[in-house]
Amino acid sequence: MLTKKQLDLLEFIHARVQRDGVPPSFDEMKEALDLRSKSGIHRLITALEERGFIRRLAHRARALEIVKLPDAMQGKKGFTPRVIDGDKPDSTPARAMPVMAGSIELAVMGRIAAGVPIAAISEVSHNVHVPQSMVGQGDHYALEVKGDSMIEAGINDGDVVVIRETEVADNGDIVVALVEGQEATLKRFRQNGNAIALEAANPAYETRVFRDDQVKVQGRLVGLIRTY
């Protein structure tokens with residue numbers, strides 16, 4: 001049986017993964033549970049891991065995966081994992097993954113920078129299968145992440161992110177942003193008046209601020225595929 005704090009944290013992590021496709025940072029967990037330090041979050045996460053509700057992904061900074069939910073939570077809302085663990089790819093260019101029942105095929109449109117922006121992406125490199133429940137309505141595509149600027153959001157170098165096509169975003173969304181019409185990057189979106197900030201989730205990278213006419217949102221993160 002979980003304590004109230006353990007259940008509150010599990011619900012918060014689950015809600016953020018369902019919304020953003022990635023778990024919240026430790027700072028966000030601390031604020032959500034109104035705790036004074038991250039050590040309390042570490043203890044709660046350890047307790048949830050020991051009880052088999054979550055799993056910490058080895059060698060991945062702040063990367064968590066929900067393994068199961070208590071019956072009470074499953075009664076309130078269905079649980080669909082948003083992090084898909086794939087087999088380690090072989091040396092073939094297509095990086096083929098097993099076809100899953102109830103899945104759809106998405107085009108992987110090359111690589112997206114989670115760091116300094118790289119050239120805009122427009123060519124399909126290969127396809128991946130993702131659960132139908134991950135994408136929902138609308139058009140989607142996938143991108144392979146290059147760089148480590150989003151590691152505190154649970155997004156690592158080599159991950160494949162699933163993106164829902166959209167030109168609008170709310171503050172706090174993780175988006176694919178086209179900068180000055182030629183460079184694309186994966187960052188957290190913040191807008192204040194005519195200024196748009198593209199925030200990293202790694203203290204080693206500075207937040208970059210642009211005029212709103214310099215940035216075009218090309219999609220919002222909805223899922224993540226990780227290979228080992």
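How do the residues of the lining of the largest pocket divide into nonpolar, polar and charged? They comprise three nonpolar, one polar and seven charged residues. In this classification Ala, Val, Leu, Ile, Met, Phe, Trp, Tyr, Cys and Pro are nonpolar, Asp, Glu, Lys and Arg are charged, and the others, Gly among them, are polar.

The model is predicted: local features require pLDDT of at least 70 and side-chain atom pairs pLDDT 80 or more, whereas totals for chains, interfaces and linings use all residues. Residues are numbered from 1 along each chain as its sequence is written, and side-chain values use heavy atoms, with hydrogens and water left out.

The volume of the largest pocket is about 230 Å³. On a 1 Å grid over the protein atoms alone, a pocket is an open set of points, where a 1.4 Å probe fits, with protein on both sides within 12 Å along at least five of seven lines; lining residues have an atom within 4 Å of a point. Grid points are joined across faces, edges and corners, and the volume is the space filled by probe spheres set on the points. The lining consists of Ser-25, Asp-27, Glu-28, Glu-31, Glu-152, Ala-153, Arg-188, Arg-190, Glu-199, Ala-200 and Ala-201. At least two lining residues come from each of helix 2 (26-32) and strand 10 (183-192), and helix 2 provides the largest share, three residues. Helices (H or I, at least four residues) and strands (E, at least two) are DSSP runs numbered from the N terminus.

Six are found in the whole structure, a salt bridge being a side-chain nitrogen of Lys or Arg within 4 Å of a carboxyl oxygen of Asp or Glu. Glu-28 pairs with Arg-16 at 3.3 Å, N to O. This pair links distant parts of the chain, with Arg-16 in helix 1 (residues 4-20) and Glu-28 in helix 2, 12 residues apart. Arg-16 is buried at 10% relative accessibility, while Glu-28 is partly exposed at 22%; the classes are buried under 20% relative accessible area, exposed over 50% and partly exposed in between (1.4 Å probe, protein chains only).

Asp-27 forms a salt bridge with Lys-38, also described by a distance of 3.3 Å, N to O. Because Lys-38 lies in helix 3 (residues 38-50) and Asp-27 in helix 2, the pair ties together parts 11 residues apart in sequence. Both partners are partly exposed, Lys-38 at 29% and Asp-27 at 34%. In the loop between helix 2 and helix 3 is Asp-34, a residue other than glycine with a positive phi near 60°. Asp-34 is exposed at 70% relative accessibility.

A further salt bridge joins Glu-167 and Lys-216 at 4.0 Å, N to O. Glu-167 is in the loop between strand 8 (160-164) and strand 9 (174-179) and Lys-216 in strand 13 (residues 215-227), so the pair ties together parts 49 residues apart in sequence. Glu-167 is exposed at 59%, and Lys-216 is partly exposed at 43%.

The loop between strand 8 and strand 9 also holds Asp-173, which is buried with a relative accessible area of 9%. Not counting residues up to four places away in sequence, Asp-173 touches Lys-187, Arg-188, Phe-189 and Arg-220, where contact means heavy atoms within 4.5 Å.
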